[in-house]
Amino acid sequence: MLTCGTTEANTFVLSNETRELLEEFMTEVPFKKDSIVCWEGEMNDKLFYVKQGGVKLSKLTKKGSPLMMFLYFKGDLFGEFDVGEAFPSSYSVETMEDSVIGFISKATLEDLMKKDGTFALDIMRWQALMRKQTETKLRDLLLFGKQGALASTLLRLIAMDGKKVDDDYVISKRPSDTELGQLIGAPRETVNRMFSQWKKDNVISMTTTKIIVHDSNYLRDLCHCEGCPVGVCRI
């Protein structure tokens, strides 16, 4: 039985009052699908809030291929709360569908934190959650090889969208091998080879639209799954 928590918007750590205050000071901007919200390396002095739709955060590798780091959806707050008012963005932010993104400047956020201790504490909790998400992502990419990274990605997909059917877990929104490769820093062919072996070993099976995980414990062993809490076990 998977112990990973069901994912939800990362603002679950904020009180209703804090969320309302953030939205009050936000500027909302609509974006079409596949629009760039922020480029990697661009000076950035704001945080982002997904009011509608979804975005992906990616980095370019030395070979010029994208490494997809995080996906954020409705209700998620994200961005780098760095020292100083502006700092080069570590990621490019691109919409995956028509979206509405809220912007709040770091200067405004700091003013609100100075005036309201409860608000400041909530933001610190959110920062701790974001740090934990980044730590687990780096762990997946660096410590247990491509198989461990792919295993962890499937477990995260189960936590986000999986349905338990008898002893199996069904991921109904199957990403392409190319998309999975971008999530683990590997070419499509590497993902395809690992899937072929796992199918032979009856760890998974697949249709054109679904991935069915038959042996989740095998995947957990590959990535040394720690049973991440709610809000951390997500792509």
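Is Lys59 buried or partly exposed? Lys59 is partly exposed, with a relative accessible area of 28%. The model in which this residue is described is a predicted one.

**Confidence**

Mean pLDDT for the protein is 90, and 95% of its residues reach 70 or more. Among the elements, strand S1 (residues 27-31) has the highest mean pLDDT, 97, whereas strand S8 (residues 87-88) has the lowest, 82. Over residues 1-5 the pLDDT falls below 50, although this stretch has 20 contacts in the model beyond near neighbours in sequence. Where pLDDT is low, predicted coordinates should not be read in detail.

**Salt bridges**

The structure holds 11 salt bridges.

| Asp45 and Lys46 | 3.2 Å | Asp45, 35% | Lys46, 26% |

A network of salt bridges links Arg139, Asp140, Arg156 and Glu226.

Ser58 is placed in strand S5 (residues 54-60). With 15% relative accessibility, Ser58 counts as buried. Not counting residues up to four places away in sequence, Ser58 touches Glu40, Leu67, Met68, Met69, Tyr91 and Ser92.

Pro88 is found in strand S8 and is partly exposed, with a relative accessible area of 35%. Leaving aside neighbours within four places in sequence, Pro88 is in contact with Gly41, Glu42, Met43 and Glu80. The C-alpha atoms of Pro88 and Trp39 are 9.1 Å apart in space, while the two residues are 49 apart in sequence.

Glu135 is found in helix H3 and is partly exposed, at 41% relative accessible area. Glu135 and Val232 are 97 residues apart in sequence, yet their C-alpha atoms are 9.9 Å apart in space.

A nonpolar surface patch is formed by Leu138, Leu142 and Leu143, which together have about 330 Å² of accessible area. Leu143 is located in the loop between helix H3 (117-142) and helix H4 (145-161), and its relative accessibility of 57% makes it exposed.

**The annotated span and the segment after helix H7**

UniProt, in an unreviewed entry, lists residues 144-217 as "domain: HTH crp-type". In the model this span is 54% helix and 19% strand, and its end C-alpha atoms lie 16 Å apart.

Asn202 lies in the loop between helix H6 (188-200) and strand S13 (204-206). Its phi is near 60°, a positive value in a residue other than glycine. His224, also not a glycine, has a positive phi of about 55°. His224 lies in the segment after helix H7 (216-223) and, at 46% relative accessibility, counts as partly exposed.

Methods: Residues are numbered from 1 along each chain as its sequence is written. This is a predicted model: local features need pLDDT of at least 70, side-chain atom pairs count only at pLDDT 80 or more; totals for chains, interfaces and linings use all residues. Side-chain values use heavy atoms; hydrogens and water are left out. Patches are made of residues with over 30% relative accessible area and no salt bridge: like charges are joined within 9 Å, nonpolar side chains (Val, Leu, Ile, Met, Phe, Trp, Tyr) within 5 Å. Accessible areas come from the Shrake-Rupley method with a 1.4 Å probe; for residues, only the protein chains shown count as cover. A salt bridge is a side-chain nitrogen of Lys or Arg within 4 Å of a carboxyl oxygen of Asp or Glu. Helices (H or I, at least four residues) and strands (E, at least two) are DSSP runs, numbered from the N terminus. Buried means under 20% relative accessible area, exposed over 50%, partly exposed in between (1.4 Å probe, protein chains only). UniProt positions are given in the numbering used here, feature names are shortened, and annotations may be inferred rather than shown by experiment. pLDDT is the predictor's confidence in each residue, from 0 to 100. Contact means heavy atoms within 4.5 Å.
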